[in-house]
Amino acid sequence: MRVLVCGVGYRFLRDNALGIHITDTLAPQASNGVEFEDLGYHPVGFTQNLNERPAYDRIVFVGAINRGREPGTITTYKYDHVLPDVQEIQERVGDSVSGSISLDNLIIVSEAFKALPEDVWVVEIEPGDETWGEGFSDEVVAKIPEITETVWSLTRL
Amino acid sequence: MCFKNLPIEFDAAGNASLKPGAANPYSYTEVPAPTPIEDDPERMRELFARNGAVRRVDFDPVTRVAGALAFHTVVDLENRQVMETASMATLFRGYEIILKGRDPRDAIFISSRACGVCGGVHATASALACEMAFGIKPPPMGIVARNLLLSVEYLYDHPIHLGLLAGPDFSEPAVRETNPEIWERALNTRCEGEVTHGYALMSDLMTDLTPLTGKLYLEGLYYTRLAREAYVLIGGKYPHPQTVVPGGVSTTIDASDLNEIMLRVVKYFDYGRKTAAIWDDLASFFYEVNPKYKEIGTRPANMIEPGQWDDPYAYDGTYKNADAWGRERWAPPGVIRDGELVTTSLTMLNAGVEEFVEHAFYEEWAGSGNEYYKHPTDPNGNPLSPWHPWNKETIPKPTATSWKEKYSWSTAPRWDRTAMETGAYSRIWAAAQTGPEAFRKSPYLHSTGTSMQIFLPKAELPNTDIEWKIPETWGAFERNRARAYCILYTAAIAYDNLQLAYKLLKAGGPDARMSTPYEMPKDHRIGVGLWGAGRGYLTHHLEMDNGVLENYQILTPSTWMASPKDPFGNPGPYEEAVLATPLLENYEKPEDFKGIDVLRAIRSFDPCMPCTTHMHMDGRTVSREIISCACGADEVHEHH
């Protein structure tokens, strides 16, 4: 069985770097078909990478995304593979190829280009601080153990 | 004499110095920005009384994650004019501050994170800056390997822009929606380039530009992949390469690697021919339909191009010899003013750069320009401004957004106090104007002074001679057309460098090494990486002491082009281009307005930021639409 855990976001953009921090932290534990990847790059490239590799049985995306929740809120869900309309997909492709990296763009564009397996999980955290620099907001720091455990648990099929 | 506005003069030997007699040579008097229409109730009242179709349209980011661009306009839909523009970078990334106090080599890996698309060029610009500071140069094979990395990065970047970003604006769905009469005409218009690209009718070509499903869109996607495959053979990873180091490339190359890259590069010969023919046909067709399409995104042809692709035997990494090795580049440096090449000197290009912050969320660091500043000259003794990147301090100072005062996180870079644009087109333009005597000798490229001729081996398509000619008018269509020709220009350079790599590999010896050993200096040094990104100009200026960075300044193509107004009252390139754009879209009622011409104008620059060039009235991408009214009160519609 092959599992890929993708840390999505930007380094040096506070809470937006959390996804990459999680995969950096867990990467030394990669083994037995569990891989960790820094996804600080755009989804078109990711899609192409996936198409070149043997298929994964599960992909787990982890990252921060602002949805207006309480900072530090963790939301875990299984991706339903429902796509928005073509217009929105193209908007997200446009965003992606002009430099934007976000959890939603990544999942939608990868799905639109048929790169994802059936079993996809998303672990989100609500950011508290999205400004430049290193380190995380207190709300997010407090949730790092929980989100790390959540991601780790999803590597076990 | 390349400067008109800076206080620099040249002696008979061409040496630059400050003009004598000026007490404060670089100081200036700020020209106040015009009062925005919304802040002028009298003007709003007058406009509304005369014309009820004036409205504010803001293009905001879909995602507010990466250094995003928002674009503010006030448009007069009755007279089909853009009345006011403001380009706004909405996020500060802070790399200059993050890098302070670090080992200079960290900048290679950290700065590549500035972009999720083209990080390789940042890594290389950073390595070049380090080389200058450390006093080292790569062996010839290391330089050739770097040239190959850059080539395939561009072969990745150009199809992304043309196929996935700009192309959809000319696709069947976009044209049918915004100008159905043009679609009707496309159904009956034959393509001149059919023999090359295979489309008999313009309508067929436009159908295949359709996002997600069109053959040309998907082909663009395929070619981005092909180039990325070539990149990782040397770079290890993309877009954040692992092998770019000061002094070369930290990997090995064998004949098998070169063969793998060659197999991919040759595929761009026909793809480039086809793409050039497609963008030739698109420009011809739209110009024929309405010559005013030449004015979409127009502005003076003022461009800046640092050049790239170093000659493996000329490049020595020194600032002292930068003019000499710069001119040996496959893309030589150049500053173009009103369409004419005014300098090919890398040091003069560097000396002319300033960054202003009157309309940006930063604190002024140079006062009035009269005070002491650290680098009054460059290492060759040429004068530098207090606002030059080597003298710049990044001091963020966020305030409320005001279109008259401060409204962007982008500074306003200027060369000789003139707003410059940059891109693949400035690259080929400067190379074309360099002329047959000065342009490097290459079996595949010939600069005529007014055009660039490209000779590539025959693949499957007819081997027609390719020639990009400097256009008579400058605007969105010409930017895209030049970008298409740059696929061939880049492929020719890649092909040339591949053959050099084979020769070096065969000869072996010190020249075939990939990198050079060095020791980190501990004393005070400065350096600059003068390089390019797919989207144009890229420089990294560094200053180091005791083995760590004291200052690091990154200047990107989008900083030049998304810049806000400068203190001299001049708009940035996006602002200027959109202001000059006629609204040729077919709409009967203001609410039908889609903004396609504005979008085409902005996208032709290939903004390296998630720009809200996605204007739709139905959803979350237009954040606010305000209809001016006689009382000056705004009706605000929030969309989420």
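Analyst: Let's start with one pair: B:Ile454 has B:Ile466, a residue of E15(B), as its bridge partner. Bear in mind that this is a predicted model. That pair belongs with strand E14 of chain B, residues 451-454, which is tied to E15(B) by 4 bridges, the two running antiparallel. Zoom out and you get an open sheet of 3 strands in chain B, ordered E13-E14-E15, with antiparallel pairing. Strand E13 (445-447) and strand E15 (466-469) of chain B sit at the edges, each pairing on one side only. From one strand to the next, the twist averages 15°. As background, strands in a sheet pair through backbone hydrogen bonds.

Now for the packing. The largest nonpolar core has 197 residues, and B:Phe286 and B:Tyr489 touch the most other members. Helix H16 of chain B (residues 476-507) supplies the largest share of that core, with 18 residues. Setting aside neighbours within four places in sequence, B:Phe286 is in contact with residues including B:Phe170, B:Met206, B:Phe477 and B:Arg600. Another core, of 22 residues, lies apart from that one, and its members include A:Val8 and A:Phe61.

Most residues other than glycine have a negative phi. B:Leu212, though, has a positive phi near 75°. You'll find B:Leu212 in the loop between helix H9 (202-207) and helix H10 (215-235) of chain B. B:Leu212 counts as buried because its relative accessible area, 16%, is under 20%. B:Asp606 also has a positive phi, about 55°, without being a glycine. B:Asp606 sits in the loop between helix H19 (596-603) and strand E19 (625-627) of chain B, and is buried at 2% relative accessibility.

Definitions and conventions
Residues numbered from 1 in each chain as written. Chains lettered and ligands numbered in written order. Predicted model: local features only at pLDDT ≥ 70, side-chain atom pairs only at ≥ 80, totals over all residues. Heavy atoms only, no water. Pairing = 2+ DSSP bridges. Axes fitted to C-alpha atoms, helices over the stretch in contact; angles between N-to-C directions. Core = buried A, V, L, I, M, F, W, Y, C linked by side-chain atoms within 4.5 Å. Buried < 20%, exposed > 50% of the residue type's maximum accessible area, 1.4 Å probe, protein only. Contact = heavy atoms within 4.5 Å.
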